Amino acid sequence: MANFAASWVKYINLFDIMNVELYVAQKVEDCIKILYGSESVPMQLQKTRKEFEGDITLVVFPLAKLSGKSPEQTGADVGEWLTANVPQVEAFNVVKGFLNIKLSKDFWREQLLQIADSASFGYLPASGKTVMVEYSSPNTNKPLHLGHIRNNLLGHSVAKILAANGHQVIKVNLVNDRGIHICKSMLAWQKFGNGETPQSSGKKGDHLVGEYYVRFDKEYKRQVSALMHTGIPEDEAKKKAPILQEAQNMLLAWEQGNDEIFDLWESMNSWVYEGFDATYKKLGVSFDKTYYESRTYLLGKELVKEGLKKGIFFKREDGSVWCDLTPDGLDQKLLLRSDGTSVYMTQDLGTARHRFSEYNFSELVYVVGNEQNYHFQVLKLILKKLGYAWSDSIYHLSYGMVELPEGKMKSREGTVVDADDLIDAMVATARETSLELGKLSDIPQEEQQRLFHIVGLGALKYFILKVDPKKTMLFDPKESIDFNGNTGPFIQYTFARICSVLRKAQEQQVEANAGAAALGEREVELVKNMADFPQVVAQAGAEYSPALIANYTFDLAKEFNQYYHDVSILKEENVAVKQQRLALLQQLGKALKTAMDLLGIELPERM
RNA sequence: GGCCCUAUAGUUCAAGGGAUAGAACGAAAGUUUCCUAAACUUUAAAUACAGGUUCGAGUCCUGUUGGGGCUACCA
């Protein structure tokens, strides 16, 4: 970080309230220009650590070279200048090479007033940019599992964070509704299904179809091992199993528009969509537009012709088309099979171009697991070679796998955690815990159910989103349902208690008033943290990281708990102080609510 | 083999090249004078290894080792 001011300068006009660090940065820059006559200022500012006196800290080491004095002396010089020339700077101290700057209480009171006045605190002004976020992107042959949950929660939250950064956001889903895997489910259903439907069996549509996919695999494995017993090598047996060949024929029939197959395909897919919709609804995620691969899978072929003409791609003797990426340190990539059909990459290339021509957005974010890092590297590179400058505005939000304590999830071994089961388990645990503690007993049943759902899902969402997306995370179904510590329910509970205090205050007929009194030390601490919020949102947007929001929110909640423990509010006798503390709580509640909303987590007013 | 990601308390996670590496869970000990004890306070406990760059490295570079992923005419 060479130059603090430069790195944040892009946010200057984004904040509807003043950015504290930026303000100080400008003043320090003025100071250094005047004191040392230097034009470019190597400046590093950071929040002052708790154990030192002050609000903002300037790291002086880089300035020592400019001043030609010791870091301590330089820090003292700058501190004196600031105290003398900037009214908001109240005091300073220098520890080693660090200049701790203390801002006046009036300054912080002004900050609180601005926060209270702002109807959209935490949301940055419109950027004029349009961003498309693709996430979820399920296959229609099996139900959603834990990995999809991470994908959906990330996608939904990142979309919200980008919207809070002032961008116009389009959330899209690309459903992989065609291909050999769907034919497998269809075939198994035909063979073993006896006409079973979600209605007749009472099963959720996606689960039903998923069962037949598993059924296919079982039969397939049986046939392969039978063939191997007759002396056929494994590789060959895997290709020759009759049921697989049937599935391949089915795919061919589908592509040729066979009515019977097409009808079956349509009705089985519709079962799956009903099931998915139910899960999406429970998770609280949604899309502005859904693409179906059955309608887009032919899109890339034009592009391949174009690439061949330009000499970017080449054709092999067998007729297959490739792109040679070896000069870029990658491999050769297949784009058309020898039979002329397209592959995943071809479709994705076509879809990307289609989307850009359709929406002309400034950015396209793909929320896809890190096992596809290579795919996206290639995708961007090929688009670039084709001359599409917008290739640079594609961002692959790559997230790590979710692992279980027993190890990696494998659908074939039955070690997946089903999304619906998991959601139900979280809600059930929320219910048990709540009933055990005897809470909510005076609330109607219906309202209780709603709260259990909010808390159970809050726990799940927070647990997943608080982890840096790119890291592999460990999910322990038993231990993850924790309502203490750095968890969603802890923040929800904190919010409910804030609401409770505010309700009591209303009964006492005390109005909140942010400007009623001068701020005390403890209040300044809280205002300081709250004032960081827009910056956290900006950073979370720049890094596509809900984790930053989550950890910020937890700190805020924890700080409230400590504050409330130490300071009297409802029993405060000084009316002005009381009014102000209530206003502070009000804003704190607002900030928590806004922050958690960016994670897609609801905050109940009582729980 | 090649390419990419990753390594921090017993465990799960933090740390914009900066000060004494923060939390939470678990462990040990305590706290019901404002809200709802799902809270608060205190204690013990960590940068895989070896070099390098720098005034300063958990952070950047190189190497070693461990973990994960990709390397399909699947998507």
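**View 1. Contacts along chain A in the predicted model.** In this predicted model, 75% of the contacts in chain A between residues at least 6 apart in sequence join residues that are at least 24 apart. The chain contains 23 helices and 14 strands, and 40% of its 607 residues count as buried. Along its principal axes, the C-alpha trace of chain A spans about 90 × 65 × 40 Å.

View 2. RNA strand B is surrounded by 82 residues, of which the closest are Arg337, Asp468, Gly485, Ser500 and Leu570. Sorted by class, this surface has 32 nonpolar, 28 polar and 22 charged residues. Helix H19, which covers residues 488–507, supplies the largest share of the surface near RNA strand B, namely eight residues.

**View 3. The packing of helices H18 and H19.** Two packed helices are described by the angle between their axes and by the distance between those axes. Helix H18, formed by residues 445–465, packs with H19 at an angle of about 125°, and the two axes are 7 Å apart. Angles from 65 to 115 degrees count as roughly perpendicular and those over 145 as roughly antiparallel, and H18 and H19 are therefore oblique to each other. On the side of H18, the contact is made by Val455, Gly458, Ala459, Lys461, Tyr462 and Phe463, while Gly488, Pro489 and Gln492 take part from H19. By class, the residues of this contact of H18 with H19 comprise five nonpolar, three polar and one charged.

**View 4. The open sheet of strands S8, S9 and S10.** Strands of a sheet pair through backbone hydrogen bonds, and the pairing is either parallel or antiparallel. Here three strands form an open sheet in the order S8-S9-S10, with antiparallel pairing. Strand S8 (313–315) and strand S10 (332–336) stand at the edges and have a single partner strand each, so one side of each is left without a neighbour in the sheet. From one strand to the next, the twist averages 35°.

**View 5. The bridges between S8 and S9, and helix H14 across the sheet.** S8 and strand S9 (residues 321–324) run antiparallel and are joined by three bridges. For Lys315, the bridge partner in S9 is Val321. Helix H14, made up of residues 300–310, lies across S8, S9 and S10 and runs at about 90° to S8.

Technical notes. Residues are numbered from 1 along each chain as its sequence is written. Chains are lettered from A and ligands numbered from 1 in the order in which they are written. This is a predicted model: local features need pLDDT of at least 70, side-chain atom pairs count only at pLDDT 80 or more; totals for chains, interfaces and linings use all residues. Helices (H or I, at least four residues) and strands (E, at least two) are DSSP runs, numbered from the N terminus. A residue is buried if 20 or more other C-beta atoms lie within 10 Å of its own, exposed if 12 or fewer, and partly exposed in between; C-beta atoms are placed from the backbone. Two residues are in contact if their C-beta atoms, placed from the backbone, lie within 7 Å. A residue is near a molecule or strand if its C-beta atom, placed from the backbone, lies within 6 Å of it. Ala, Val, Leu, Ile, Met, Phe, Trp, Tyr, Cys and Pro count as nonpolar, Asp, Glu, Lys and Arg as charged, and the others, Gly among them, as polar. Axes are lines fitted to C-alpha atoms, for helices over the stretch in contact, and angles run from 0 to 180 degrees between N-to-C directions. Angles under 35 degrees count as roughly parallel, over 145 as roughly antiparallel, 65 to 115 as roughly perpendicular and the rest as oblique. Two strands pair if DSSP finds at least two bridges between them.
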